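This report describes one protein model, starting from a single residue and moving out to the whole chain. Please keep the sequence and the 3D view open while reading.

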Amino acid sequence: MRRISLQVILDVSVLALRALLPIYALVIIYQCFASARRHRRPEKPLVTLEIKETGQKIPVLFWENSIGRSKGSDIRVSDISVSRDHCVLLRRKEGWFVSDIGSKFGTYVNGERAEGRAKVIIDDEITVGHTTFVLKRGEEYQERLRPSWFFSKASDKGSLKPYKLMILITFFHLFMAVEACFSNEVQDYVPLLIFGAMELLMWGFFFISSYALNRVNFELEALACFLSGMGVMLLVRQELRSAIVQMIAMAIGMIAFAIIVKFIEDPDRVNSWRLAIMIAAVVLLAINIVFGRVQNGAANWINIGGVSVQPSEFVKIAFIFVGAAALDKLQTKRNFIEFIIFSAICVGALALMGDFGTALIFFATFLLIALMRSGDIKTVILALVAAAFAVFIVLSIKPYVADRFSAWGHVWEHVQDSGGYQQVRVMTYMASGGLIGVGVGNGYLKYVFASESDLVFGLIGEEMGVIIAFAIAAAIIALAFYSRAITTRSRSSFYAISACCAAGLMVIQSALNIFGITDILPLTGVTLPFLSAGGSSMISCWGLLAFIKAADERTYAAKRRAPANALRKRGEAV
C-alpha cells in the first residue's frame, strides 16, 4: 500500500510539473523581451545640421545618414543640383566624416572637394549643390523625438537582472530533466547528468560574457540558451550521443558568437574583409559539391574525421556578412552587383546539391537584403521573375523534384508511403499531446525518422504541449520584430541590414519547418533554429544571433565611451 501511495504521489507530481512548464516557458520568453525594452537611451539627435542660408536645423539621428534628393534619403535636399543619392554623413570612433557617393557635382567641406571620406568637426560647413550645412552639437536641438514603437511603452521599472533570468532558465531545464528521469520507458538519472553539464556550460558562458567581455545585456543570449537547452533535453531520452554532440556544438556556437560580435565591432573592418569572406564561402560550396555525400536526398554533407558537417549552414553567416555594408559602400552599384552574383552562386550551388529547402531560405534572405539595400521593389520583382524561370527549368530538367511535392495538401491519402508518412504522424502525435504534452521522453514521434531534426516542432508539441510549441514560434517571430525595432539605434547600416536579415532568415527557416511538417507548405527538410538536432545548424544559429546582438546600441556602449570623451576635449565629436 505504501509503494502504491508513493507511485501515486510521483505521478501527480510529474503531472503538476507538466502543467507548470507551459506557464513557466511563457514567463521566460516574456522576460527576455521585456528586459530588452527597458532602460534605453532617449531618442535625441547625435548632432544637428543647420542650413546656412535659412537657419533651419535638421536633427541627425543615426550614425550613418544619407543626404540627397531622393525621398528615401535620411536628409532630403530639394535642390536640382543635388544628386538623388549624393553623399553620406557618418560617425566612427575617430569622429564624423562625410563621403561622396558618386554625385554629379561633388561634395565640399569648407570649400574643398571631398575625396573619399573627409573628416568634419563642429562648425564645419558641408556643401551639396547650392545648399550648405553647418555641423552643430546635438544639444542645440531641444525637441524630443518620439521613441520607436517597440520601446514606446517600455516601463521605467528596472530590468530583470541577467543572473535572475538565467536562474529561471536553469530551473526550467531542471524540470525537463526531472520529467525525463521518470519517463515511462526508462527511469534513471542520466538526464540530470546531462542537465548538470549543460548548465555548467551556460553559466560559464554567462560569467565570461558578463564579466570578462563586459557585456551590459544578456537577453538575446538567455533566449538562445533557453531554446538550445530545451533541444538538448529533448534528445536525452531519444539519442544520448546526439544530446552530447548538441552540447558540444552549443559550446562552439557560443565561441563563434563571441568572435563574430568582436569582429564586427568595426563596420569598416567588415567591409575590408568582405571579398575574402565571399571567396571563402564560394570555395566551401565548391568543396561541398565535389566531396559532399548524399544524405536524406541532398549532397550537402561532408565527413571530416568521422564528423558530419553541413557547410551550407556556415555559408548563411557569410551570406549576411557579404550582403550588408556600411552606408557609403552600400550606395555603390558595383557593390550591389557583386552581391547579386554571389547570391546566384550560392542558390545555384545548393540547387545542384539537391538542397532546395536551404536554397529557398537563401533566396528569400536575398530578397530581404535586396529590398533593404536598394529600397526598390522593382529589384525584388525582377528577382522573383528570374526565380520562377529557374524553377521552371529545374522542373523540366529534373522532373523527379516535382515528385517530392506530389503529396502536398493531401498527406492523409499517403499515410503509409513516403509522401505523407512523416506529416501524418506529426499531426497525430501533436494532437495527442494536447496543451501540456505527454511528458519528456514519453512520446511516440521519436520513433519516426528525423523526429529530432526536421520534425522537432512536432516532438515539442507532443511531449511538452502545443502551448510551448506555439510560444517558441512566437519567440522567433518576436526576435524579428525586435531586430527591426533596434535598427533605428544601430551605428551602421551594416548592423541594421544584418540584424533584420539574420532574424528574417530564422523566421523563414522556422516557417518552412513548422508549415512543412503540418502540410501547409511542402516538406523541405529544414531545421528549426536552436532546437533541431544538428551541430552545424546550432553553430550557425548562434552565429546569426551575433548580428542581432551587434545591432543593439548597448553592445558596444561601454567601449564607445572612452574614445568619445577623448574626442570631446578636442571639439571633434559629440
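## Thr527 and its partners

The side chains of Thr527 and Ser537 are joined by a polar contact of 3.0 Å. A polar contact here is a pair of N or O atoms within 3.5 Å; within protein, one must be able to donate a hydrogen and the other to accept it, and residues adjacent in sequence count only if both atoms are side-chain atoms. Thr527 also has a polar contact of 2.9 Å, side chain to side chain, with Gln509. The model is predicted: local features need pLDDT of at least 70, side-chain atom pairs count only at pLDDT 80 or more, and totals for chains, interfaces and linings use all residues. Residues are numbered from 1 along each chain as its sequence is written, and side-chain values use heavy atoms, with hydrogens and water left out.

Thr527 sits in the loop between helix 16 (493-517) and helix 17 (535-551). Helices (H or I, at least four residues) and strands (E, at least two) are DSSP runs, numbered from the N terminus. Thr527 counts as buried because its relative accessibility is 12%; buried means under 20% relative accessible area, exposed over 50%, and partly exposed in between (1.4 Å probe, protein chains only). Not counting residues up to four places away in sequence, Thr527 touches Glu313, Asp454, Gln509, Asn513, Ser532 and Ser537. Contact means heavy atoms within 4.5 Å.

## Asn217, another loop residue

Asn217 lies in the loop between helix 3 (190-212) and helix 4 (219-236). With 4% relative accessibility, Asn217 is buried. Its side chain makes a polar contact of 3.2 Å with the side chain of Asp552. Apart from neighbours within four places in sequence, the residues in contact with Asn217 are Lys549, Asp552, Arg554 and Thr555.

Asn217 and Pro162 are 55 residues apart along the chain, and their C-alpha atoms are separated by 7.2 Å.

## The nonpolar cores

Which residues have the most contacts inside the largest nonpolar core? They are Phe172, Ile264, Ile460, Met464, Trp542 and Ile548, in a core of 124 residues. Helix 4 gives the most to this core, with 13 residues. Another core, of 24 residues, lies apart from it and includes Leu49, Val98, Ala118 and Val128. A nonpolar core is a set of buried Ala, Val, Leu, Ile, Met, Phe, Trp, Tyr and Cys residues joined through side-chain atoms within 4.5 Å.

Ile460 is in contact with Leu234, Gly465, Ile468, Ala469, Ile472, Leu528 and Leu531, leaving aside its neighbours within four places in sequence.

## Helix 6

Helix 6 (residues 267-291) has 25 residues, which at 1.5 Å a residue should span 36 Å; its end C-alpha atoms are 34 Å apart, which agrees. The expected span is 1.5 Å times one less than the number of residues in a helix. Helix 6 has a kink of about 50°, centred on Trp273. The bend at a residue is the angle between axes fitted to the seven residues ending there and the seven starting there.

At the start of helix 6, a side-chain oxygen of Asp266 comes to within 3.0 Å of the backbone nitrogen of Asp268. Among the buried residues of helix 6 are Pro267, Val270, Asn271 and Arg274.

## Aromatic pairs

A pair of aromatic rings is described by the distance of the centres and the angle of the planes. Rings of Phe, Tyr and Trp (its six-membered ring) pair if their centres lie within 6.5 Å; planes under 30 degrees apart count as stacked, over 60 as edge-to-face and the rest as tilted. By this rule there are 27 aromatic pairs. Phe339 and Phe366 form a tilted pair, 5.7 Å centre to centre with 35° between the planes. This pair links Phe339 in helix 9 (residues 333-353) with Phe366 in helix 10 (residues 356-374), 27 residues apart. Phe339 is buried at 0% relative accessibility, and Phe366 is buried at 9%.

The rings of Phe494 and Phe547 have centres 6.5 Å apart and planes at 65°, so this pair is edge-to-face. Phe494 is in helix 16 and Phe547 in helix 17, 53 residues apart.

## The whole chain

The protein has 18 helices and 14 strands. Of its 574 residues, 54% are buried. Among contacts with a separation of 6 or more, 68% are between residues 24 or more positions apart.
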